[in-house]
Amino acid sequence: MKRIRVIPVLTVDNEKLVKTIRFKKPNYIGDPINAVKIFNNKEVDEIVLLDITATKEKRSPNFSFIEEICSEAFMPFAYGGGITSIQQIEQLFKLGIEKVVLNSCIEDNFNLITEASNIFGSQSIVISLDFKKNIFGKYQLTKESGSKKIQYSIEDYIKKLELHGAGEIFLNVIDRDGTYQDYDYNLISEVANITTIPVVACGGAHSIESFKNAINSSASAVAAGSLFVYRGRTKGILINYPTQDQLSEEIFNKI
Amino acid sequence: MITIIDYGAGNVKSVENMLKKIGVESILTNKIEKIKSATKLILPGVGHFDYGMQNLQRTGIIETLDKKVLVEKTPILGICLGSQMLGNQSEEGIEKGLGWIDMDVKKFNLNDSSLKVPHMNWSNTTPNKKSKLFESMFENPRFYFVHSYFMSPNNHEDTLCSVNYGGNFVAAVEKENIYGVQFHPEKSHKFGMKLLENFANI
């Protein structure tokens with residue numbers, strides 16, 4: 001039996017838990033601290049918390065809020081959103097988080113990855129990549145919630161991340177966010193073939209079967225948002241997570 | 001009351017959070033007087049072996065710790081890097097470890113290219129000897145690991161439990177009053193809480 005990490009992603013607009021579709025139409029879900037407490041009880045593998053409005057609103061990470069959440073998170077905990085400096089990263093680790101997720105600031109400052117991974121170890125430095133299809137149907141790397149293009153090709157950018165000491169790639173597909181249309185397995189394979197850095201698949205998961213398929217497409221771990229905060233596609237809010245038996249039967253024993 | 005040794009290690013806050021959750025008091029200190037009166041010690045740690053040992057040396061408390069652990073037999077729990085530091089040395093660096101457990105720390109050398117280093121995952125592990133740390137433990141205990149180096153005790157009987165990752169490696173060590181866990185109990189849900197509670201009750 002081989003275990004893999006199955007990771008709920010909580011997106012927040014400052015202190016409100018919300019869920020988007022294609023990074024738009026944020027739907028209010030509830031209190032993120034309450035969600036973390038429920039995920040504790042469900043013994044989730046890890047949590048990624050992303051403040052999706054921090055960069056847009058030019059806000060620093062909301063440290064007191066993150067500290068409060070951390071004090072209730074008895075699993076590995078990653079935070080992303082509004083991080084631009086090594087001082088902020090130091091502060092976040094002091095609060096008890098395990099990983100920082102960097103995105104919009106990296107294109108102009110690859111050295112931040114190096115600086116941070118030299119101090120905290122590369123395993124704690126996650127780079128989130130937001131993929132979005134252009135009008136020709138080809139994937140383009142974007143930043144600032146998909147509003148700006150990254151000027152590098154996919155391969156060049158990922159090679160640069162690797163060179164600078166990134167520890168994990170959080171692969172997110174904007175076109176599939178909140179759509180339940182399944183992960184883009186070709187893209188997962190393509191990215192995993194470019195790099196030896198572990199790839200976490202996100203964007204479009206519709207069931208536990210998606211997780212298994214992503215791993216079989218060379219992802220090292222899987223993540224999802226809607227799947228873990230809604231009850232099916234009817235969108236009733238229900239914080240949920242598969243049991244260990246389900247994970248073993250439907251993933252761990254099949255990969 | 002648990003005394004957490006303060007030498008600038010990264011995961012201290014999470015350890016404090018979990019101890020608080022299970023109702024165990026703790027203090028974080030590197031003051032010799034406080035260490036001298038400690039009844040239970042935790043040596044946390046994340047990061048590079050040499051960085052950890054040098055920072056610990058800088059606090060000037062190693063001599064006091066030697067006496068506490070080896071003479072007074074005060075229970076001590078090393079976590080992750082803190083556990084590796086209980087040994088003689090590490091392939092990660094050149095500094096000498098604390099040498100309380102006869103073991104070396106080695107780098108993963110995996111043949112299977114689908115297995116990444118660091119080993120960053122949850123793994124199931126059960127002790128191969130009776131241990132107070134695992135008393136009344138929940139069924140199928142699993143713990144969260146993040147490490148590129150692993151402990152390799154020279155005496156088989158110091159191994160408490162193992163995990164398979166491209167081969168077996170030691171996940172925890174125990175020798176008399178000295179305990180070391182490669183994983184992070186502070187990030188391992190009820191399994192970690194039970195383990196820390198057990199340590200607090202030793």
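This text walks through a predicted model, from the overall form of one chain down to single residues.

Start with chain B as a whole. Chain B contains 6 helices and 12 strands. Its C-alpha trace spans about 50 × 40 × 30 Å along the principal axes. A compact globule of 202 residues would have a value near 17 Å, and chain B has 16 Å, so the two agree.

Of the 202 residues in chain B, 58% count as buried. The chain exposes about 8500 Å², and carbon and sulfur atoms supply 45% of that area. Chain B has 23 positive and 22 negative charges, and their mean positions are 6 Å apart.

Contacts show how the chain folds back on itself. Take the contacts in chain B between residues at least 6 apart in sequence. Of these, 72% join residues at least 24 apart.

B:Leu41 sits in strand β3 of chain B. Its relative accessible area is 0%, so B:Leu41 is buried. Which residues does B:Leu41 contact, leaving aside its neighbours within four places in sequence? The set is B:Thr3, B:Ile5, B:Leu65, B:Lys68, B:Val69, B:Thr74, B:Pro75, B:Ile76, B:Leu77 and B:Phe199. A distance gives another bearing. The C-alpha atoms of B:Leu41 and B:Glu186 are separated by 15 Å, while the two residues are 145 apart along the chain.

Helix α3 of chain B runs over residues 49-59, and its buried residues are B:Phe49, B:Asp50, B:Gly52, B:Met53, B:Asn55 and B:Leu56. Their cover includes β1 (2-5), β3 (41-43), α4, α5 (81-84) and β5 (89-90) of chain B. Just after this helix, B:Gly60 takes a positive phi of about 70°.

Helix α7 of chain A spans residues 208-216. Its buried residues are A:Ile208, A:Ser210, A:Phe211, A:Lys212, A:Ala214 and A:Ile215. They pack against several elements of chain A, among them β1 (5-13), α6 (185-194) and β11 (199-202). Other partners include β12 (221-224), α8 (226-229) and α9 (244-250). Just after α7 of chain A, A:Ser218 has a positive phi of about 85°.

Next come the aromatic rings. Over all chains, the structure holds 20 aromatic pairs. One of them joins A:Tyr183 and A:Tyr185: the ring centres are 6.3 Å apart and the planes meet at 75°, so the pair is edge-to-face. Are these two residues buried or exposed? A:Tyr183 has 2% relative accessibility, so it counts as buried. A:Tyr185 is buried as well, with a relative accessible area of 18%.

Compare a pair in chain B. The rings of B:Trp122 and B:Tyr144 have centres 5.9 Å apart and planes at 55°, so this pair is tilted. B:Trp122 lies in strand β7 (residues 119-124) and B:Tyr144 in strand β8 (residues 142-147), so the pair ties together parts that are 22 residues apart in sequence. Both B:Trp122 and B:Tyr144 are buried. Rings can also gather in groups. One aromatic cluster is formed by B:Phe108, B:Phe134, B:Phe138, B:Phe143, B:Phe145, B:Phe150, B:Tyr165, B:Phe169, B:Phe183 and B:Phe191.

Finally, turn to the backbone. Most residues other than glycine have a negative phi, and most peptide bonds are trans. Chain B has some exceptions. A cis peptide bond, with omega about 5°, joins B:Val117 and B:Pro118. B:Pro118 is in the loop between β6 (103-107) and β7.

Two loop residues in chain B have a positive phi. B:Lys73 has a phi near 60°. B:Lys73 lies in the loop between α4 (62-71) and β4 (76-79). Its relative accessibility is 40%, so B:Lys73 counts as partly exposed. B:Ser136 has a phi near 50°. The loop between β7 and β8 holds B:Ser136. With 62% relative accessibility, B:Ser136 counts as exposed.

Methods
Residues are numbered from 1 along each chain as its sequence is written. Chains are lettered from A and ligands numbered from 1 in the order in which they are written. This is a predicted model: local features need pLDDT of at least 70, side-chain atom pairs count only at pLDDT 80 or more; totals for chains, interfaces and linings use all residues. Side-chain values use heavy atoms; hydrogens and water are left out. Helices (H or I, at least four residues) and strands (E, at least two) are DSSP runs, numbered from the N terminus. The radius of gyration is taken over C-alpha atoms; the globule rule is 2.2 Å times the number of residues to the power 0.38. Buried means under 20% relative accessible area, exposed over 50%, partly exposed in between (1.4 Å probe, protein chains only). Contact means heavy atoms within 4.5 Å. Accessible areas come from the Shrake-Rupley method with a 1.4 Å probe; for residues, only the protein chains shown count as cover. Lys and Arg count as positive and Asp and Glu as negative; His and the chain ends are not counted. The place of a charge is taken as NZ of Lys, CZ of Arg, CG of Asp or CD of Glu. Rings of Phe, Tyr and Trp (its six-membered ring) pair if their centres lie within 6.5 Å; planes under 30 degrees apart count as stacked, over 60 as edge-to-face and the rest as tilted.
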